[in-house]
Amino acid sequence: MEITTADILALDERMSGTVHSGTGAPENRAGAQLQEPHRPAVVVEAGTVDDVSQAVAFVADRGMRVAVQATGHGRTRALDGGLLIDTRRMRDVTVDPAARTAWVSAGATWQDVIERAAPYDLAPLSGSLPTVGAVSYTLGGGIGLLARRYGYAADRVTRFEAVTADGRTRRVSVDDEPDLFWALRGGGGNTAVVTGMEIDLVPVAEVFGGSVMFDLAESPEVLAAWIDWTRSVPEAMTSAVVVIPFPDIGAVPADVRGRQVVQLQVSFAGPEAEGRRIVEPLLRKGLALRNTLRTVPYRQSGAVFDEPDRPMAYRGQSVLVDDLDSRALAALVVRAGTTPGGCTVGVRHLGGALAESPTIPNAVGHRPAQYSVGVLSLLHDSDPNAVFRAQHELLAPFASHLLGPSLNFTFGPLDPEHVGAAFAPADAERLVEIAARYDPQGLLYTNHPIR
């Protein structure tokens with residue numbers, strides 16, 4: 001349906017936020033993912049829950065599609081036409097230190113939550129990159145710096161506020177809309193537009209962690225040593241390994257320029273002395289190019305894994321596996337290093353509390369996974385579809401241990417069959433049924449559609 005200027009003006013009059021034509025707000029369409037920004041007919045910069053409700057009702061009346069974006073880190077496909085709800089203005093966070101909970105509005109980042117919780121020596125189960133949107137991260141499950149000790153972020157949600165495709169604002173909890181509550185905790189954004197969530201906080205004020213870099217050519221045993229090391233570390237230790245092909249150009253720091261670098265990433269929710277003792281065997285595997293291990297306040301948690309935080313165009317895929325063979329990982333690293341433009345390989349150690357079912361069940365899939373294995377490519381001038389296909393081939397050798405895709409770390413379009421593979425078969429069927437019940441016309445345009 002064609003949207004007229006009069007339609008936009010009429011919608012704007014009902015909003016506390018701002019309404020634009022799709023061509024008038026380019027900064028709202030891209031976010032952190034520069035590849036294929038949204039191309040909506042209308043953009044609503046929502047300031048309140050009622051703004052979101054009005055926007056969804058506007059869409060429902062016209063049979064349009066609606067997408068939601070906070071920071072845009074995880075966007076996998078572009079909305080063409082329709083309406084985009086930009087939630088960046090909705091960043092309120094309220095902490096109840098006595099109850100150890102926080103109310104988090106739709107557009108808040110994890111850093112927003114961290115800053116509010118830190119004065120009480122509390123922390124959320126935030127991601128390793130705290131500028132990511134808290135709500136969208138949690139809808140996908142959420143594997144963060146404290147994951148092996150405390151589990152998925154989705155496990156700590158106690159209630160949601162959400163707008164369904166009929167424009168109705170609903171309170172969603174184990175007692176109110178229990179099916180929707182189950183689906184939103186780890187099942188993605190296929191069932192409703194979440195405008196806020198209440199989460200439990202954990203008693204963490206600081207962590208011991210950081211990264212250690214090695215030249216892979218000089219220290220090839222580091223990868224296998226890390227895999228062996230993960231098999232015996234305590235649940236308080238959450239770690240990852242990233243292999244980065246740094247180009248041989250002047251803009252790259254001299255110590256890593258032209259090298260394929262192994263970056264060990266460590267987050268230990270315990271005393272520094274114990275953390276250093278646990279990590280020390282890995283440090284003996286080579287001469288470190290860099291070592292940033294130290295105790296940091298949790299409000300500085302973004303420095304722990306030290307991930308890049310600037311808008312880029314990228315594609316990525318990630319899978320969950322129940323075991324990891326060091327030879328398969330070594331082969332992946334070799335093949336990834338020879339791909340045009342280079343390809344970063346990232347592996348996260350899972351297990352621990354992530355494998356435990358929460359008291360109130362949710363849709364998080366494949367809890368027995370012990371590792372996630374992912375590849376990420378900056379696109380530059382590459383064909384994004386060709387890159388995505390090549391990444392699929394890179395991960396094919398892990399099929400014998402494959403459980404399913406890791407949707408939060410898959411940055412590219414998947415068909416419903418592959419999205420469904422991220423969950424147990426019965427849970428995937430239940431998600432399809434719930435999505436059809438709450439959004440029968442399929443108005444919600446999501447990153448990873450389940451149907």
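I began with helix H3, residues 49-62, which lies across E2, E3 and E4. H3 runs at about 170° to E4. I keep in mind that this is a predicted model.

**The four-strand sheet**

Next I looked up the strands under that helix entry. Four strands form an open sheet, in the order E1-E2-E4-E3. I noted the pairing as mixed. Strand E1 (18-21) and strand E3 (66-69) stand at the edges, each with a single partner strand, so one side of each has no neighbour in the sheet. From one strand to the next, the twist averages 20°.

I then checked one pair. E1 and strand E2, residues 42-45, pair in the antiparallel sense over four bridges. Val19 stands opposite Val44 in E2.

Helix H1 came next, residues 5-13. H1 lies across E1, E2 and strand E4 (83-86). I recorded its angle to E1 as about 170°.

**The five-strand sheet**

I moved on to an open sheet of five strands, ordered E5-E6-E9-E7-E8. The pairing here is antiparallel. Strand E5 (93-96) and strand E8 (169-172) are the edge strands, and each pairs on one side only. The twist averages 10° from one strand to the next.

Again I checked a pair. Strand E6 (residues 101-105) and strand E9 (residues 193-200) pair in the antiparallel sense over five bridges. Val104 stands opposite Met197 in E9.

**Back to H3**

Which strands of the five-strand sheet does H3 lie across? I found strand E7 (157-163), E8 and E9. H3 runs at about 50° to E7, whereas H3 runs at about 170° to E4.

Conventions:
Residues are numbered from 1 along each chain as its sequence is written. This is a predicted model: local features need pLDDT of at least 70, side-chain atom pairs count only at pLDDT 80 or more; totals for chains, interfaces and linings use all residues. Side-chain values use heavy atoms; hydrogens and water are left out. Two strands pair if DSSP finds at least two bridges between them. Helices (H or I, at least four residues) and strands (E, at least two) are DSSP runs, numbered from the N terminus. Axes are lines fitted to C-alpha atoms, for helices over the stretch in contact, and angles run from 0 to 180 degrees between N-to-C directions. Contact means heavy atoms within 4.5 Å.
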